[in-house]
Amino acid sequence: MGQIPITSSFNLPDGQEVIIETGKLATQANGSVVVRVGNTMLFASVVSAKKPKEGQSFFPLSVDYQEKFAAAGRIPGNFFKREARLSDYEILTSRLVDRAIRPLFPDGYMNETQVIINLISAEEDVLPDAYAALAASAAIAVSPIPFQEPLSEVRVAKIDGNYHVNPSKSALAEATLDIIVAATMENVMMVEGEMQECQEAELVEAIKIGHDAIKTQIECQLDLAKKVGDKALIKREYVPHVLNEEVVAIVAELTKDKIYKVAKSSLSKFDRKDEFATIEDELMAELEEKGEEWMEEHGSDAKKAYGKLKKDVIRRMVLDESVRLDGRPLDKVRPIWTEVSYLPSTHGSAIFTRGETQALTSLTLGTKLDEQMIDTALDHYFDKFILHYNFPALSVGEIKPMRGPGRREVGHAMLAKRSLLQVLPDENPYTIRLVTDVLESNGSSSMATVCSGSMALMDAGIKIKAPVSGIAMGMISDGEKIAVLSDILGDEDALGDMDFKVTGTEKGITGCQMDIKIDGLPYSTLEKALEQAKAGRIHILEEMAKTIATPAADLKDHAPRIVEMRIDKSFIGAVIGSGGKVIQELQEVTNTTITIEEVGQEGVVKISSTNKANIDMAVGKIEQITHVPEVGNEYDAKVASVMPYGVFVDFYGQSGLLHVSEVAWERIQDVSTVFKEGDDVRVKLIGIDPKTKKFRLSRKVLLEKPEGYVEREPRERGDRDRGDRRGGDRRDNRGGDRRDNRNRD
């Protein structure tokens, strides 16, 4: 019968039951659970070393979220046919969990810890990323690993004007706001998401709704831990390192005034860094006079005490004097300069420099053939908007091997992509790739990516709905005083209590990412930060507008141009041809790239080339293939064959009979005296046989009627026509059939 698990459950606001079970799988892990929502199952485990990792200066936590392809009844499409490196989606989900749970491990806990979350069963319409942090937190909750308190994450979406918690995948397609909120019972820890120019009040309301839903999920985890018993309730003891008070006092006496002086000097990043390093060197040199034995015992504490004192002095300066490291007021944005079209061979480019942070972005336009294939356990689709973010070590004056993008690069790229995606034109035939290289960094490089990306789109002539800018907000709080900082420096991020990135247009917010490092952030402070961010965002937009305010009137001369045609679905086969023969010939003759996809009852044809004349040629040829002749239209035709009763002509991919009686107003005895094969002739469609669908064409109606022309008697003409038809029907059918077959081939 197997092991009987311990379970606890709760209902989502829409009534959907969520079950958490433990004790059945992976019992040798420190903690493990399965979260079940319908047929979706997430398995999470946590293991933490019993002893701290020696020489570790930061908490060694790793979080990996991975989706098993078997969960969705699929076999991986890669060469190895097994799960390989994490996809960008899996990395982003891992980051969501990591950023939420990391602050809740105790200060000074340095035991190596690993959290693994696997999607082991999937239901098509359930989004598993909204349950990953719940699974991770529940696994920790039923383990002996020390943890301040459980938390959870939920997705909040605004659909048709109403807020929904953890909506279905299909419903999310209509959302105007989509965020993930992480929180404990009392405090919001993290927010990330995208929205269609929403207002600040809407975002705050969504966060509150998410927090309320999370409280129910935390109660479920506490209930599960209680059922597990001592294993979950009695946490491991650990002894955090406490700095020697005597050493702390000595360090403060020798360096506090020097630190304050440098902090007040409004120095540049590297000058400030050098000055602080000099103070530390002088401190250690003076302490070495106490002897080798003293240094061996207290040297490490002295370094840590200096770092902590430096952080405390700067924080007090900001809180007590409203003075920042670079001398700015709390709400002021650093100086900005921008430039577009810096890279002449790209299809669009921009430089955005704000203070000591600089982003260079290039834009490349491509066709449908350049779309990125996304292949995950739950999704298989093609993405036509690609954004890559690179953060080389040179941007901070360091040396580091180039090993490709890390998780940070993937996360920053997604934030920028979400922010810009909201303003792309609804009708966009191009595949767009933006690449940002951060060339200087002192805070807010992801926001510089948003700004430079927006400008590059406009420089390329992409008709975006509105320019987008971004700003990173910070906060310092001692529990009583609170300082909200606009456009934070890298140092302010490191020593502050909040990193809140907000992007948007003049009308509203398009993206956000918030990490809170302290307990008890009041919603009033969050609202103040959002209003201050709005002022900063609009200021940055104004600075960007001095260089470029609206999209360029046209694409660059060397950029590929794409013309989109819509044809009846029935013509798709004719344009492609047997084995792709027709479309391949079209591309070769016109020197264009042509793609076709079926959308509903239409075929969408996209023709791309850097040469407009080539595109026009391809359009003309496809129009010929797909043209549906209508009575009254005139055509330039070519004589295909000459018969005694008239000539067959080809026009716009069709063939029809120009009867001898319709060649001229005067009587023609021998058609061959007027036409030969290959002759050009202008004709008008005067009829379509309702049964055979054959075309009747006329040349004479386009000629001037001779003066005094007298119509022939209807009887005589009818007799002659009947005779012509009797003599011509067999040949007509033979000739017509040959041409019809030729056209089909």
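Colleague: How many salt bridges are there?
Modeller: The count comes to 45 salt bridges, where a salt bridge is a side-chain nitrogen of Lys or Arg within 4 Å of a carboxyl oxygen of Asp or Glu. This is a predicted model, so local features need pLDDT of at least 70 and side-chain atom pairs count only at pLDDT 80 or more, while totals for chains, interfaces and linings use all residues. Residues are numbered from 1 along each chain as its sequence is written, and side-chain values use heavy atoms, with hydrogens and water left out.

Colleague: Which residue does Arg99 form a salt bridge with?
Modeller: Asp515, with the closest N and O atoms 3.0 Å apart. Arg99 lies in helix H1 (residues 88-101) and Asp515 in strand E21 (residues 509-516), so the pair ties together parts that are 416 residues apart in sequence. Helices (H or I, at least four residues) and strands (E, at least two) are DSSP runs, numbered from the N terminus.

Colleague: Switching to sheets. Which strands close into a barrel?
Modeller: 5 strands do, in the order E25-E26-E27-E29-E28, with mixed pairing. Neighbouring strands of this sheet are turned by 50° against each other on average, direction ignored. The axes behind that angle are lines fitted to C-alpha atoms, for helices over the stretch in contact, and angles run from 0 to 180 degrees between N-to-C directions.

Colleague: How do E25 and E28 pair?
Modeller: Strand E25 (residues 634-643) and strand E28 (residues 680-688) are antiparallel, over 5 bridges; two strands pair if DSSP finds at least two bridges between them. Glu634 stands opposite Lys684 in E28, and Tyr635 has Val683 as its bridge partner there. In a regular strand the side chains alternate between the two faces of the sheet.

Colleague: And what joins E25 to E26?
Modeller: A hairpin, through 2 residues. E25 and strand E26 (residues 646-651) pair in the antiparallel sense over 5 bridges, and Val642 is partnered by Val647 of E26.

Colleague: What is the strand order in the open sheet of 3 strands?
Modeller: The order is E22-E24-E23, and the pairing is antiparallel. Strand E22 (561-568) and strand E23 (593-599) are the edge strands, each pairing on one side only. On average, neighbouring strands here are turned by 20° against each other, direction ignored. E23 and strand E24 (residues 602-609) pair over 7 bridges, with Glu597 opposite Val604 in E24.

Colleague: How many residues does the E14 to E15 hairpin run through?
Modeller: It runs through 4 residues. Strand E14 (residues 372-375) and strand E15 (residues 380-383) pair in the antiparallel sense over 4 bridges, and Ile374 stands opposite Tyr381 in E15.

Colleague: Now helix H4. What span should its 29 residues have?
Modeller: H4 (residues 200-228) should span 42 Å at 1.5 Å a residue, and its end C-alpha atoms are 42 Å apart, which agrees. The expected span is 1.5 Å times one less than the number of residues. Just after H4, Gly229 takes a positive phi of about 95°.

Colleague: Last topic. How many cavities of 30 Å³ or more are there?
Modeller: There are 2. A cavity is a set of points, on a 1 Å grid over the protein atoms alone, where a 1.4 Å probe fits but cannot get out, and lining residues have an atom within 4 Å of a point. Grid points are joined across faces, edges and corners, and a volume is the space filled by probe spheres set on the points.

Colleague: What lines the largest cavity?
Modeller: Val188, Met514, Leu521, Pro522, Tyr523 and Leu526. By class that is 6 nonpolar, no polar and no charged residues, counting Ala, Val, Leu, Ile, Met, Phe, Trp, Tyr, Cys and Pro as nonpolar, Asp, Glu, Lys and Arg as charged, and the others, Gly among them, as polar. The space in the largest cavity is about 50 Å³.

Notes:
1 Å grid on protein atoms, 1.4 Å probe; cavity = no way out; pocket = protein on both sides within 12 Å on 5 of 7 lines; lining within 4 Å.
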